Amino acid sequence: MNKHEVKTKETRTLLIKAAEKIFVRDGYEGAELGEIATLAGRTKGAIYAHFKSKEDIFLALVDEQAKRVRSEMSKLLAGSTSQEENLSVFRKFYMKQTEDQTWAMLLLEFKLFAIRHPDLKEQLQKRYDEIYPINPEKTYTELLGSVGKGRDVVSRSVAVHIIIPLLSAIALEATFSPTYIGIRTQKKVAELIFDTLLPQPNNK
């Protein structure tokens with residue numbers, strides 16, 4: 001890359017990092033582009049040179065978060081030698097999410113905002129379509145083993161896609177009922193959810 005391209009990439013990276021901090025601090029609707037620009041050491045005009053709107057910069061954050069998750073999971077799975085170990089790795093990763101629900105809560109806020117704005121909802125759905133495997137059930141079955149058949153069985157693809165949002169729901173309720181839903185309770189419920197939705201492979 002030439003100097004201009006390097007500077008452009010650097011500015012975009014600084015803006016995304018600053019945006020994440022401001023969104024976490026102020027929430028999606030409370031975040032201001034001017035605050036993001038100031039934290040990044042850039043002008044507000046620099047934001048519009050890279051992003052169309054606040055929605056656009058948040059969608060860029062969704063992309064970055066997806067990349068981080070994929071990278072982390074790839075590293076964790078690199079030493080695994082079986083589907084049982086893969087499931088164990090995924091369980092540890094899942095349980096780790098109970099320790100900090102900041103991003104999950106922020107994403108939940110954005111989703112609720114997107115529901116009221118159809119164009120934005122469509123953009124977010126497209127992001128998820130790009131993130132998920134083309135044939136999710138085949139991919140997750142190869143990774144985690146077959147779940148078997150039966151009326152009460154939940155497919156691997158459904159289970160993988162729903163367990164993180166369930167954590168967000170629990171974290172949300174915990175903010176209103178901390179006495180009843182403390183961190184230990186959240187972890188216990190999270191374990192029950194994981195083991196119920198993603199049981200050990202049944203490859204018989």
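Two exercises on a predicted model follow, each with a worked solution.

Residues are numbered from 1 along each chain as its sequence is written. In this predicted model, local features need pLDDT of at least 70 and side-chain atom pairs count only at pLDDT 80 or more, while totals for chains, interfaces and linings use all residues; side-chain values use heavy atoms, leaving out hydrogens and water.

**Exercise 1.** Determine how helix α4 and helix α7 are oriented to each other.

*Solution.*
1. Two packed helices are described by the angle between their axes and the distance between the axes.
2. For α4 (residues 54-77) and α7 (residues 118-131), the angle is about 20° and the axes are 11 Å apart.
3. Angles under 35 degrees count as roughly parallel, over 145 as roughly antiparallel, 65 to 115 as roughly perpendicular and the rest as oblique. Therefore α4 and α7 are roughly parallel.
4. The contact (heavy atoms within 4.5 Å) involves residues including Leu59 and Arg70 of α4 and Leu124 and Ile131 of α7.

**Exercise 2.** Classify the aromatic pair of Tyr28 and Phe58, and state which parts the pair ties together.

*Solution.*
1. Rings of Phe, Tyr and Trp (its six-membered ring) pair if their centres lie within 6.5 Å; planes under 30 degrees apart count as stacked, over 60 as edge-to-face and the rest as tilted.
2. The centres of Tyr28 and Phe58 are 5.4 Å apart, with 80° between the planes, and the pair is edge-to-face.
3. Tyr28 lies in the loop between α1 (3-26) and α2 (33-40) and Phe58 in helix α4, so the pair ties together parts 30 residues apart in sequence.
4. Tyr28, at 1% relative accessibility, is buried (under 20% relative accessible area; exposed is over 50%, partly exposed in between, with a 1.4 Å probe and protein chains only). Phe58 is buried at 0%.

Key: Axes fitted to C-alpha atoms, helices over the stretch in contact; angles between N-to-C directions. Helix = DSSP H or I, 4+ residues; strand = E, 2+ residues; numbered from the N terminus.
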